[in-house]
Amino acid sequence: MHAPTSWASFAGRRATDVVECVDLQQDPQRLAEPGPWFVVVDFEAFGRGGRARAWRFAQVSDDVAPAAGALRDAPWRGPDPSSWRSSLDRDAYQEAVQRVRDHVRDGTVYQVNVCRVLGAPLPVVPDGATSLEPDAAALAARLVAGNPAPYGAAVHVPASSGVDPVWVVSASPELYLSLDAGVLASGPIKGTARTADGLTDKDRAENVMITDLVRNDLQQVCSPGTVTVTDLLGVEEHPGLVHLVSRVRGALAPEIAEAPDRWSRVLRATFPPGSVSGAPKSSALRIIEELETAPRGPYCGAVGWVDGDRAELAVGIRTFWWERGPHDDGVLRFGTGAGITWGSDPLAEWHETELKAERLVGLASARTADEFGTPARSAET
Ligand SMILES: C=C(O[C@@H]1C=C(C(=O)O)C=C[C@H]1O)C(=O)O
């Protein structure tokens, strides 16, 4: 089966045949129109140079099995496993962790999520007179099989569609925002280890800080007194690792729920997600800008859908995105990061970023179906 030229999927919802793209920083009220709109928001959106866009498609199906949501199982042709480069190498990352500890000691911040962006060359594929972008559907299918995720998502609108293009494939485990029956909810994750025994008091303290921050974010758009923490420090198992997850919810304030610019108001109050920024958020964002050397783009932003008064948006972590170069070249990117506090050990934090990347980068680097699921290094001889 050939993948359609443009498509999107998110946790059981699938759409094909793009109709239009809307810039949410210019026309945020368009999101209140009937959708679903498939949304991709860069971490740097809303004032820091990033994009916030939504695409509408002609065909939409619901309750699609995740494997079918990915549309096909053609072999994914990933980059050479040895070709990945990191925006911060091990020494530079550890140095950045030390700088955050200095800021914590000086009292400017309690926690900063420091990230790095991996990139590997991945050109377009010649196809007769034209060229094809890498097959997002094939990567999505591979992730669904090898790293199932509650908020698995993909949006691919190729440049040839004539609509503003996007190429994102995600295996996110983290809920940024959902809206259903007037309830706005978030599921911040903070605390990562290979197994539950590896979760420490530091992880629990970090999670509590970020849960409190998310509570404050939601409070800005919810009716007073309705914001509650429904689950604190739950342990969730995901492929190859465990996370601490908390759940926060509140009743969206009626004056916001009824406003045509409701999504812009909700996003501006809560974005970027607390778990991938730090606390206090404004100081953490300043420090991130000072320490990180590559834009995060859709990584650590938001990926999902909005449909009238319902929505599901994931935090764009465990996420690949592909960018076309000036010729027929291109780069596949993937971000990984960790929450840094005074108690951080720089080398342990580096290893945490490796843990978050290893399985997914392995899946995306393998070259043929036979190598499916094997570590990145064994994928090429
Ligand atoms: C930044 C990432 O993860 C974030 C940081 C986490 C942590 O510090 O434990 C956990 C989940 C995410 O909110 C990532 O996966 O790249």
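The shell around the ligand in this predicted model is made up of five nonpolar, eight polar and five charged residues. Altogether 18 residues surround the ligand, and the closest are Glu174, Gly191, Thr192, Tyr299 and Arg318.

For Tyr299, an N or O atom in the side chain is 2.5 Å from an oxygen atom of the ligand, while for Arg318 a polar side-chain atom lies 2.8 Å from a ligand oxygen atom. Lys190 likewise places a polar side-chain atom 3.1 Å from an oxygen atom of the ligand. On its own the ligand has 390 Å² of accessible area, and the protein covers 99% of that area. The space that the ligand takes up is the largest cavity.

Turning to the elements that build this shell, two or more residues each are given by strand E13, which spans 189–193, by strand E20, which spans 330–340, and by helix H8, which spans 346–365. Strand E20 supplies the largest share of the shell, namely five residues.

Conventions: Residues numbered from 1 in each chain as written. Predicted model: local features only at pLDDT ≥ 70, side-chain atom pairs only at ≥ 80, totals over all residues. Heavy atoms only, no water. Near = heavy atom within 4 Å. Polar contact = N/O pair within 3.5 Å; in protein donor to acceptor, adjacent residues only side chain to side chain. Areas by Shrake-Rupley, 256 points an atom, 1.4 Å probe, with all protein chains shown as cover. 1 Å grid on protein atoms, 1.4 Å probe; cavity = no way out; pocket = protein on both sides within 12 Å on 5 of 7 lines; lining within 4 Å. Sits in = over half its atoms within 2 Å of the grid points. Helix = DSSP H or I, 4+ residues; strand = E, 2+ residues; numbered from the N terminus. Nonpolar A, V, L, I, M, F, W, Y, C, P; charged D, E, K, R; others polar.
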